[in-house]
Amino acid sequence: MKLSGWGRFPVVECHIAAPRNQDDLIRLAQSRPLIARGNGRSYGDSSLNSQLTLDMRHMNHMLAFDNETGQLTAEAGVLLSDIIDTFLPRGWFPAVTPGTKFVTVGGMIASDVHGKNHHKDGSFGSFLDWIEILTADGEVQRCSRNQNADLFEWTLGGMGLTGVILKAAFRLRPVESGWIRQTTVSAANLAEAIDIFEASGSSTYSVAWIDCLSSGPSLGRSLVYLGEHAALTDLPPEKLKAPFETPRKRKLNVPLDAPGFALNRWTVKAFNAVYYKAGHSKSGTQLVDWDTYFYPLDAILDWNRIYGRKGFAQFQCVIPLAQSKAGMQALLKAISAAGQGSFLSVLKRFGPQDSRFSFPMEGYTLALDFPVNRRSLDLMDKLDKITLAHGGRFYLAKDARLKADTLALSDTRVSQFREMRKSTQAAETFSSAQSDRLAL
Amino acid sequence: MTDTSKQKTALILGGRSDIGRAIAHRFAADGYTVALAARNADSLETDKADIALRYNVPVSLHELDVLDTAKMPQFVDGLGMLPDVVVSVVGLLGDQAENETDLEKATRVMRSNYEGPALLLGIFANLFEQRGSGTLVGVSSVAGDRGRAANYVYGSAKAGFTAFLSGLRNRLAGKGVHVVTIKPGFVRTQMTEGMKLPAPLTAAPEEVAEATLKAVRKKQSTVYTRPVWLLIMFIIRHLPEPIFKKMKA
């Protein structure tokens, strides 16, 4: 069956098997090499293996919940959306969430996802207590920071290349409502946006939408969204009666692939200008429901089709703090000059993180998406170079086109990751189209 | 949790299958206490934990082999309660070519799709009739609407099951007991994995579950889970035999 990541590029003919339980899985996993796949929300080729792709979505049982600590034990295929449906009405919310709720627990661990609160709380791994994983020797192993610590740390952010994640225990955070107190601050350019981030370190959530086609003195103009979970005292009386009830949004659908010309520099530029003006005029604080705040794109099912049949590629890098301003400036200049605007350009401050193979480090991260075509692929090669020149690195969960030598230059941890894979036989057992491309 | 004595109970026969699991989830989400019956029921502990955790309802597991008809009364007694709804999702597709030559395999398909589920629902029918309430749901198949070369051993057993449900419905009308026949067309399950199924005709197990709960609520009699199947099967049933023979469907 033809499979792809969320970006629909590349498309690979894959043999798929869908285990229903652990015995099934162990039997199927005797065929090698293989990669586990969750809900297919990584953008590129991280979850594709032509010989065997294990569809983990049926391994989706929630196993235990501790009402005192908020610790949930769940199988790897459980969706974050199901976790929210189940536990938000009981006063719990994911401690870290990526920009879509349609991801699995296994996927969140393999990518060590981050959210809008990374500067304060770190990545998903900060709330992860233990993992059970099927390793190359065919054994199921429990690992944590104290037990099989090497395996635990390599698996976090290890893109499924240390084994098949079977189940995990991680903590949710207590919340008083399903509402977010959102404050929108507009920034006339990149320098202003960075100043706002630096002054907002105490905000739980912060993220900026950035107009990547603006140039000159308004290069990097942005809308910075700050957010806090609304406490009961923040709610008006009509919401106080049912603080976890938020309006159910009607799901929109993209029924067709948009034609290739629908997204061009003029439509994107117009969209960005209108969006900025609308946001600018709405500056201030308002109550927003959790779904709109964290997952605006989830309301449009199959939104990946707006990029047309050829799909799209994401670019996400992080630049260390000392070089952030210069690096971001250079990236934005290159994008603006190329006229290859992206609808969804997101800027975010990361806090410190020290891990074996996870993406985040202290600094600023920029995420963009482009329709797949020659010009945007060339532009992304340029962005790679700028990232390297500023000491930055790349997010593998987004990547579909990075080159192996670029990755190795960006991150000294890559060679250690390769060695670990070799010495544990993981290299010949677990592989994806991405790990082949990047020689991981 | 609400007062459990007032909670309705749904018993799912064949609770391990993808459709059975989806139905258990849907009924639990609606507030039903759920009882799952299957072979090796112990291995459904993860399902039990999962459903209890997600929907905050009690879940119980019950050992059941639908081919062991002698033990059926014992199974029903052992439940310790009489459910409000019993859904049979029991079934076995088998391999048509094997079923044509291997008597043992064909017998197994016939008994799993007809004899087992029909006899067991028959026991519940009598108890429901005495009580004067309850709903019986049989998940049958469009394959029972007309025997086709591709799967007539399975199809004929489903046809028997469909006729049994129809008769039961007829008998129990006016006695407070309702009988629902669900005919899913293609469903994306473990049973059909690897088959090339046309997407517009293929339902997810959750759709079958939704249709089942709706049929129980609205007291529908026969439900095709995707309406297009009603049309398809109408045509297939009415094709004249000389044409149908040439199609080798």
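Which side chains meet in a salt bridge at 2.8 Å, N to O? They are those of A:Arg20 and B:Glu193, where a salt bridge is a side-chain nitrogen of Lys or Arg within 4 Å of a carboxyl oxygen of Asp or Glu.

## Basis of the model

This is a predicted model, in which local features need pLDDT of at least 70 and side-chain atom pairs count only at pLDDT 80 or more, while totals for chains, interfaces and linings use all residues. Residues are numbered from 1 along each chain as its sequence is written, chains are lettered from A and ligands numbered from 1 in the order in which they are written, and side-chain values use heavy atoms, with hydrogens and water left out.

## Interface between chains A and B

Contact (heavy atoms within 4.5 Å) involves 17 residues of chain A and 13 residues of chain B. The area buried between the two chains is about 1200 Å², with carbon and sulfur atoms giving 41%; buried area is the accessible area (1.4 Å probe) that two parts lose on being put together, summed over both. On the side of chain A, the residues that lose the most area to chain B are A:Arg20, A:His61 and A:Met62, together 44% of what that side buries.

Three salt bridges are counted between chain A and chain B. Eleven residue pairs, both at pLDDT 80 or more, are in polar contact across the two chains. A polar contact is a pair of N or O atoms within 3.5 Å; within protein, one must be able to donate a hydrogen and the other to accept it, and residues adjacent in sequence count only if both atoms are side-chain atoms. On the side of chain A that touches chain B, β6 (62-66), β7 (71-75) and α2 (80-87) each supply at least two residues. Helices (H or I, at least four residues) and strands (E, at least two) are DSSP runs, numbered from the N terminus. The largest share, four residues, comes from β6(A).

## Strand pairing in chain A

Strand β18 (residues 312-320) of chain A is mostly covered, with eight of its nine residues buried; buried means under 20% relative accessible area, exposed over 50%, and partly exposed in between (1.4 Å probe, protein chains only). β18(A) pairs with strand β20 (residues 363-371) in the antiparallel sense over nine bridges, and A:Pro320 has A:Gly363 as its bridge partner in β20(A). Two strands pair if DSSP finds at least two bridges between them. β18(A) also runs antiparallel to strand β21 (residues 393-394), joined by two bridges, with A:Val318 opposite A:Arg393.

An open sheet of three strands in chain A has the order β3-β5-β4, with parallel pairing. Its edge strands, β3 (16-17) and β4 (35-37), each pair on one side only. Two bridges link β3(A) in the parallel sense to β5 (residues 53-55), and A:Ala17 stands opposite A:Leu54.

## Backbone features

Cis peptide bonds join A:Phe9 to A:Pro10, with omega about -5°, and A:Arg32 to A:Pro33, with omega near -5°. A:Pro10 lies in the loop between β1 (2-4) and β2 (11-13) of chain A, whereas A:Pro33 is placed in the loop between α1 (22-28) and β4.

A:Met159, although not a glycine, has a positive phi of about 55°. A:Met159 lies in the loop between α5 (149-155) and β11 (164-174) of chain A and counts as buried at 8% relative accessibility. B:Lys219 likewise has a positive phi, near 50°. B:Lys219 is placed in the loop between α7 (205-218) and β9 (222-224) of chain B and is exposed, with a relative accessible area of 53%.
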